[in-house]
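Work through the exercises below with the sequence and the model side by side. Each task is followed by a solution in steps.

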Amino acid sequence: MKYADPSDVILDVGCGSGRAAFILEKKGYMLHAVDIVDYRVVPLKHFKVYDGKSLPFPDNSFDLVSFNFVLHHVPNAIKPVLLKEAKRVSRKHVLVLEDTPKYFFDHVMSFFHCFFWRWKIASTAPFGFFQKERWEQVFRSLGLSVLVSNPLVRFCRKPWEPLARSVFLLRV
Ligand SMILES: C[S@@+](CC[C@H](N)C(=O)[O-])C[C@H]1O[C@@H](n2cnc3c(N)ncnc32)[C@H](O)[C@@H]1O
(Lines give C-alpha, C1' and ligand atoms only; values in the text may rest on other atoms or scores of the structure.)
Protein backbone atom coordinates (compact mmCIF):
# COMPACT_ATOMS: atom_id res chain seq x y z
CA MET A 1 0.00 0.00 0.00
CA LYS A 2 1.30 3.44 -1.02
CA TYR A 3 0.65 5.02 2.38
CA ALA A 4 1.91 2.21 4.65
CA ASP A 5 5.29 0.64 5.36
CA PRO A 6 5.40 -3.17 5.12
CA SER A 7 5.95 -3.39 8.88
CA ASP A 8 2.96 -1.18 9.71
CA VAL A 9 0.10 -2.53 11.82
CA ILE A 10 -3.14 -1.37 10.16
CA LEU A 11 -6.71 -0.92 11.38
CA ASP A 12 -9.36 -0.91 8.62
CA VAL A 13 -12.46 0.82 10.05
CA GLY A 14 -15.65 -0.09 8.16
CA CYS A 15 -14.12 -2.93 6.17
CA GLY A 16 -17.46 -3.91 4.58
CA SER A 17 -16.98 -6.96 2.35
CA GLY A 18 -13.40 -7.19 3.66
CA ARG A 19 -11.95 -7.53 0.15
CA ALA A 20 -9.47 -4.64 0.49
CA ALA A 21 -8.36 -5.85 3.94
CA PHE A 22 -8.00 -9.41 2.61
CA ILE A 23 -5.67 -8.23 -0.19
CA LEU A 24 -3.50 -6.35 2.33
CA GLU A 25 -3.41 -9.40 4.62
CA LYS A 26 -2.25 -11.54 1.68
CA LYS A 27 0.48 -8.98 0.99
CA GLY A 28 1.77 -9.63 4.51
CA TYR A 29 0.42 -6.62 6.41
CA MET A 30 -0.61 -7.15 10.04
CA LEU A 31 -4.20 -6.01 9.82
CA HIS A 32 -7.23 -5.67 12.10
CA ALA A 33 -10.67 -4.77 10.78
CA VAL A 34 -13.89 -3.52 12.39
CA ASP A 35 -17.37 -2.67 11.16
CA ILE A 36 -20.80 -2.04 12.66
CA VAL A 37 -22.14 -5.13 10.86
CA ASP A 38 -20.51 -8.28 9.58
CA TYR A 39 -21.05 -8.70 5.89
CA ARG A 40 -17.64 -10.00 4.98
CA VAL A 41 -17.48 -12.13 1.88
CA VAL A 42 -13.88 -13.15 2.61
CA PRO A 43 -12.34 -14.41 5.85
CA LEU A 44 -10.16 -12.01 7.84
CA LYS A 45 -7.81 -13.09 10.63
CA HIS A 46 -8.71 -10.24 13.01
CA PHE A 47 -12.24 -8.87 12.71
CA LYS A 48 -14.63 -7.35 15.28
CA VAL A 49 -18.11 -5.87 15.16
CA TYR A 50 -18.21 -2.71 17.31
CA ASP A 51 -20.65 0.07 18.28
CA GLY A 52 -19.62 2.55 15.57
CA LYS A 53 -18.20 5.09 18.05
CA SER A 54 -15.57 3.61 20.39
CA LEU A 55 -12.78 1.68 18.72
CA PRO A 56 -12.23 -1.41 20.89
CA PHE A 57 -8.43 -1.08 21.15
CA PRO A 58 -5.95 0.51 23.58
CA ASP A 59 -4.21 3.83 22.80
CA ASN A 60 -1.44 3.78 20.14
CA SER A 61 -2.23 0.26 18.93
CA PHE A 62 -1.75 0.89 15.19
CA ASP A 63 0.58 2.64 12.76
CA LEU A 64 -2.22 3.43 10.32
CA VAL A 65 -5.98 3.67 10.86
CA SER A 66 -7.88 3.78 7.58
CA PHE A 67 -11.43 4.78 6.65
CA ASN A 68 -12.08 3.73 3.06
CA PHE A 69 -15.29 5.39 1.90
CA VAL A 70 -16.81 5.03 5.38
CA LEU A 71 -17.15 8.46 6.96
CA HIS A 72 -20.09 9.61 4.81
CA HIS A 73 -22.01 6.68 6.33
CA VAL A 74 -21.35 8.02 9.82
CA PRO A 75 -23.86 10.58 11.22
CA ASN A 76 -22.37 14.09 11.12
CA ALA A 77 -22.39 14.38 14.92
CA ILE A 78 -20.40 11.14 15.27
CA LYS A 79 -17.77 11.88 12.58
CA PRO A 80 -15.50 13.90 14.96
CA VAL A 81 -16.03 11.35 17.75
CA LEU A 82 -14.83 8.54 15.51
CA LEU A 83 -11.92 10.55 14.13
CA LYS A 84 -10.81 11.32 17.70
CA GLU A 85 -10.93 7.60 18.38
CA ALA A 86 -8.78 6.99 15.30
CA LYS A 87 -6.30 9.57 16.61
CA ARG A 88 -6.25 7.83 19.99
CA VAL A 89 -5.55 4.32 18.66
CA SER A 90 -3.05 5.42 15.99
CA ARG A 91 0.58 6.15 16.82
CA LYS A 92 1.36 7.57 13.34
CA HIS A 93 -1.21 8.08 10.61
CA VAL A 94 -4.89 8.15 9.73
CA LEU A 95 -5.86 7.56 6.09
CA VAL A 96 -9.22 8.76 4.79
CA LEU A 97 -10.65 7.99 1.35
CA GLU A 98 -13.88 9.85 0.73
CA ASP A 99 -16.31 11.00 -1.93
CA THR A 100 -15.83 14.79 -1.94
CA PRO A 101 -18.56 16.30 -4.17
CA LYS A 102 -17.34 19.06 -6.44
CA TYR A 103 -19.82 19.62 -9.29
CA PHE A 104 -23.62 19.50 -9.50
CA PHE A 105 -23.54 15.87 -10.71
CA ASP A 106 -21.50 14.82 -7.66
CA HIS A 107 -23.89 16.59 -5.28
CA VAL A 108 -26.99 14.95 -6.83
CA MET A 109 -25.41 11.48 -6.71
CA SER A 110 -24.26 12.06 -3.13
CA PHE A 111 -27.71 13.19 -2.05
CA PHE A 112 -29.34 9.99 -3.36
CA HIS A 113 -26.58 7.82 -1.92
CA CYS A 114 -27.16 9.29 1.58
CA PHE A 115 -30.92 9.16 1.13
CA PHE A 116 -30.86 5.41 0.40
CA TRP A 117 -28.36 4.67 3.18
CA ARG A 118 -30.59 6.47 5.72
CA TRP A 119 -33.59 4.52 4.44
CA LYS A 120 -31.67 1.23 4.52
CA ILE A 121 -30.69 1.63 8.19
CA ALA A 122 -33.97 3.37 9.13
CA SER A 123 -32.21 6.47 10.47
CA THR A 124 -33.26 10.11 10.57
CA ALA A 125 -29.82 11.40 11.62
CA PRO A 126 -28.12 13.87 9.26
CA PHE A 127 -25.46 12.13 7.17
CA GLY A 128 -23.27 13.85 4.73
CA PHE A 129 -20.62 14.02 2.15
CA PHE A 130 -18.29 16.93 2.81
CA GLN A 131 -16.29 18.85 0.25
CA LYS A 132 -12.51 18.48 0.34
CA GLU A 133 -11.93 21.84 2.06
CA ARG A 134 -14.49 21.06 4.80
CA TRP A 135 -12.79 17.77 5.58
CA GLU A 136 -9.45 19.55 5.88
CA GLN A 137 -11.02 21.97 8.40
CA VAL A 138 -12.52 19.09 10.40
CA PHE A 139 -9.17 17.25 10.53
CA ARG A 140 -7.24 20.35 11.59
CA SER A 141 -9.82 21.21 14.26
CA LEU A 142 -9.17 17.78 15.80
CA GLY A 143 -5.41 18.33 15.83
CA LEU A 144 -4.72 16.04 12.88
CA SER A 145 -2.08 17.44 10.47
CA VAL A 146 -2.98 17.13 6.81
CA LEU A 147 0.09 15.62 5.08
CA VAL A 148 -1.70 14.70 1.83
CA SER A 149 -4.98 16.01 0.42
CA ASN A 150 -5.26 14.91 -3.20
CA PRO A 151 -8.05 14.22 -5.67
CA LEU A 152 -8.46 10.62 -6.85
CA VAL A 153 -9.33 9.70 -10.43
CA ARG A 154 -13.11 9.62 -10.86
CA PHE A 155 -13.17 6.00 -12.06
CA CYS A 156 -11.08 4.68 -9.15
CA ARG A 157 -13.97 2.87 -7.46
CA LYS A 158 -16.94 1.82 -9.62
CA PRO A 159 -17.03 2.66 -13.35
CA TRP A 160 -20.73 3.55 -13.07
CA GLU A 161 -20.04 6.03 -10.24
CA PRO A 162 -17.50 8.50 -11.67
CA LEU A 163 -17.60 10.81 -8.65
CA ALA A 164 -15.13 13.32 -7.23
CA ARG A 165 -13.12 11.58 -4.51
CA SER A 166 -10.13 12.46 -2.38
CA VAL A 167 -7.40 10.83 -0.35
CA PHE A 168 -6.23 12.41 2.91
CA LEU A 169 -3.19 11.26 4.85
CA LEU A 170 -3.19 12.67 8.37
CA ARG A 171 -0.49 12.71 11.03
CA VAL A 172 -1.73 12.21 14.58
C1 LIG B 1 -19.27 2.05 1.27
S2 LIG B 1 -18.94 0.81 2.46
C3 LIG B 1 -17.17 0.74 2.31
C4 LIG B 1 -16.64 -0.62 2.64
C5 LIG B 1 -15.13 -0.79 2.45
N6 LIG B 1 -14.37 0.08 3.31
C7 LIG B 1 -14.74 -0.58 1.01
O8 LIG B 1 -14.02 0.38 0.72
O9 LIG B 1 -15.14 -1.39 0.17
C10 LIG B 1 -19.19 1.66 3.99
C11 LIG B 1 -18.97 0.79 5.22
O12 LIG B 1 -18.98 1.63 6.38
C13 LIG B 1 -19.54 0.89 7.44
N14 LIG B 1 -19.90 1.82 8.52
C15 LIG B 1 -20.96 2.64 8.64
N16 LIG B 1 -20.89 3.32 9.80
C17 LIG B 1 -19.77 2.93 10.42
C18 LIG B 1 -19.12 3.27 11.65
N19 LIG B 1 -19.64 4.16 12.50
N20 LIG B 1 -17.95 2.67 11.96
C21 LIG B 1 -17.41 1.77 11.11
N22 LIG B 1 -17.96 1.41 9.95
C23 LIG B 1 -19.11 1.98 9.60
C24 LIG B 1 -20.71 0.18 6.77
O25 LIG B 1 -21.19 -0.88 7.55
C26 LIG B 1 -20.04 -0.26 5.47
O27 LIG B 1 -19.41 -1.51 5.61
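**Exercise 1. In what order do the seven strands of the open sheet lie, and what is the pairing?**

Some ground rules come before the solution. This is a predicted model, in which local features need pLDDT of at least 70 and side-chain atom pairs count only at pLDDT 80 or more, while totals for chains, interfaces and linings use all residues. Residues are numbered from 1 along each chain as its sequence is written.

Step 1. Strands (E, at least two residues) and helices (H or I, at least four) are DSSP runs, numbered from the N terminus. Two strands pair if DSSP finds at least two bridges between them.

Step 2. The order is β3-β2-β1-β4-β5-β7-β6, with mixed pairing.

Step 3. The edges are β3 (47-49) and β6 (145-152), each of which pairs on one side only.

Step 4. On average, neighbouring strands of this sheet are turned by 15° against each other, direction ignored. Axes here are lines fitted to C-alpha atoms, for helices over the stretch in contact, and angles run from 0 to 180 degrees between N-to-C directions.

**Exercise 2. Which residues have the most contacts inside the largest nonpolar core?**

Step 1. A nonpolar core is a set of buried Ala, Val, Leu, Ile, Met, Phe, Trp, Tyr and Cys residues joined through C-beta atoms within 7 Å. Buried means that 20 or more other C-beta atoms lie within 10 Å of the residue's own; exposed means 12 or fewer, and partly exposed is in between, with C-beta atoms placed from the backbone.

Step 2. The largest core has 33 residues, and Ile10, Val65, Ala86, Val94 and Val96 have the most contacts inside it.

Step 3. The elements that each supply at least two of its residues include β1 (9-13), α1 (19-26), β2 (30-35) and α2 (79-89).

Step 4. Take Val94 as a case. Leaving aside neighbours within four places in sequence, Val94 is in contact (C-beta atoms, placed from the backbone, within 7 Å) with Val65, Ala86, Lys87, Leu144, Leu170 and Val172.

Step 5. For β2, five of the six residues are buried, so this strand is largely enclosed by the rest of the structure.

**Exercise 3. Is Val41 buried or exposed?**

Step 1. Val41 sits in the loop between β2 and β3.

Step 2. Val41 is exposed, because 9 other C-beta atoms lie within 10 Å.

Step 3. Not counting residues up to four places away in sequence, Val41 touches Ser17, Gly18 and Arg19.

**Exercise 4. Which residues come nearest to the ligand?**

Step 1. A residue is near a molecule or strand if its C-beta atom, placed from the backbone, lies within 6 Å of it.

Step 2. Of the 16 residues around the ligand, the nearest are Gly14, Gly16, Gly52, Asn68 and His73.

Note on methods:
Two residues are in contact if their C-beta atoms, placed from the backbone, lie within 7 Å.
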